[in-house]
Amino acid sequence: MKLIISNKKINLVNTLKKLTKVNNFIISYNSNNKPLSNKFYFNKSTKDNITVIVCSDKEIGVDIEKISIMPHNIFYTEEENNLSNIDKIILWTKKEAYIKKLGLSMKDIKKIKLDGKFKTIKYKDYYITISM
């Protein structure tokens, strides 16, 4: 897996070429707007002016969220609404990264059961989670 975090505007194709060392590939999108490539797997997430791109030889998803107050939310179960604020943010990034990995839509977020490996990192005032 390769990761890039940038707080500058980036060109997706050029960034993917640099990360993967592959020059000829096609990018398309599924019906839920999941980015697809014919040569490798990748995903991206943007929040404020920060963009995160991950590449892998397996399906992958990523999400970034700013550390802020997470309200009680229809996307959380009753039990999840009782988590601490930081735990809610991390859970949200896990759920969104997992949904993006699977190519599902946000309407599926409450129904999914998290499965697989996750890596969560703190970057400045943000949490980034990668679903592998």
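## A pocket, a cavity and the strands around them

The largest pocket has a volume of about 240 Å³, where a pocket is an open set of points on a 1 Å grid over the protein atoms alone, with protein on both sides within 12 Å along at least five of seven lines, and where a volume is the space filled by probe spheres set on the points, joined across faces, edges and corners. Of the 16 residues that line the largest pocket, a lining residue being one with an atom within 4 Å of a point, those closest to its centre are N32, N33, K34, P35 and K100. The elements that contribute two or more residues to this lining are β4 and α3, helices being DSSP runs of H or I of at least four residues and strands runs of E of at least two, numbered from the N terminus. By class, the lining of the largest pocket holds 5 nonpolar, 6 polar and 5 charged residues; here Ala, Val, Leu, Ile, Met, Phe, Trp, Tyr, Cys and Pro count as nonpolar, Asp, Glu, Lys and Arg as charged, and the others, Gly among them, as polar.

The model is a predicted one, in which local features need pLDDT of at least 70 and side-chain atom pairs count only at pLDDT 80 or more, while totals for chains, interfaces and linings use all residues. Residues are numbered from 1 along each chain as its sequence is written, and side-chain values use heavy atoms, with hydrogens and water left out.

Rolling a probe the size of a water molecule over the atoms shows where empty space is left. A search of the whole structure finds 1 cavity of 30 Å³ or more, a cavity being a set of grid points where a 1.4 Å probe fits but cannot get out, and about 40 Å³ of space lies in the largest cavity. Its lining is made up of K34, P35, L36, S37, F40, Y41, F42, E59 and I60. Both β3 and β4 supply at least two residues of that lining, and the largest share, 3 residues, comes from β3. By class, the lining of the largest cavity has 6 nonpolar, 1 polar and 2 charged residues.

K34 and E59, which both line the largest cavity, also meet through their side chains in a salt bridge, at 2.3 Å from N to O; the term requires a side-chain nitrogen of Lys or Arg within 4 Å of a carboxyl oxygen of Asp or Glu. K34 lies in the loop between β2 (27–29) and β3 (35–37) and E59 in the loop between β5 (50–56) and β6 (61–66), so the pair ties together parts that are 25 residues apart in sequence. K34 counts as buried because its relative accessibility is 7%, whereas E59, with a relative accessible area of 35%, is partly exposed; buried means under 20% relative accessible area, exposed over 50%, and partly exposed in between, with a 1.4 Å probe and protein chains only.

By the same rule the count comes to 3 salt bridges. E65 forms one with K47, the closest N and O atoms being 3.5 Å apart, and this pair links distant parts of the chain, with E65 in strand β6 and K47 in strand β4 (residues 41–47), 18 residues apart. E65 is buried at 12% relative accessibility, while K47 is partly exposed at 30%. The side chains of D108 and K111 also meet in a salt bridge, at 3.5 Å from N to O; D108 is buried at 14%, and K111 is exposed at 61%.

Strand β4 leads on to β5. The two pair in the antiparallel sense over 7 bridges, pairing being assigned if DSSP finds at least two bridges between two strands, and S56 in β5 is the bridge partner of Y41. They form a hairpin with 2 residues between them, and D48 in the turn has a positive phi of about 55°. Strand β1 (residues 2–6) also pairs with β5 in the antiparallel sense, over 5 bridges, and S6 has T51 in β5 as its bridge partner. In β5, 7 of the 7 residues are buried, so the strand is largely enclosed by the rest of the structure. In a regular strand the side chains alternate between the two faces of the sheet. I50, V52, V54 and S56 point one way from β5 and T51, I53 and C55 the other way, and all are buried.

Helix α3 (residues 85–102) has 18 residues and should span 26 Å at 1.5 Å a residue, which agrees with the 26 Å between its end C-alpha atoms; the expected span is 1.5 Å times one less than the number of residues. In α3, 13 of the 18 residues are buried, so the helix is largely enclosed by the rest of the structure. Just after α3, G103 takes a positive phi of about 80°.
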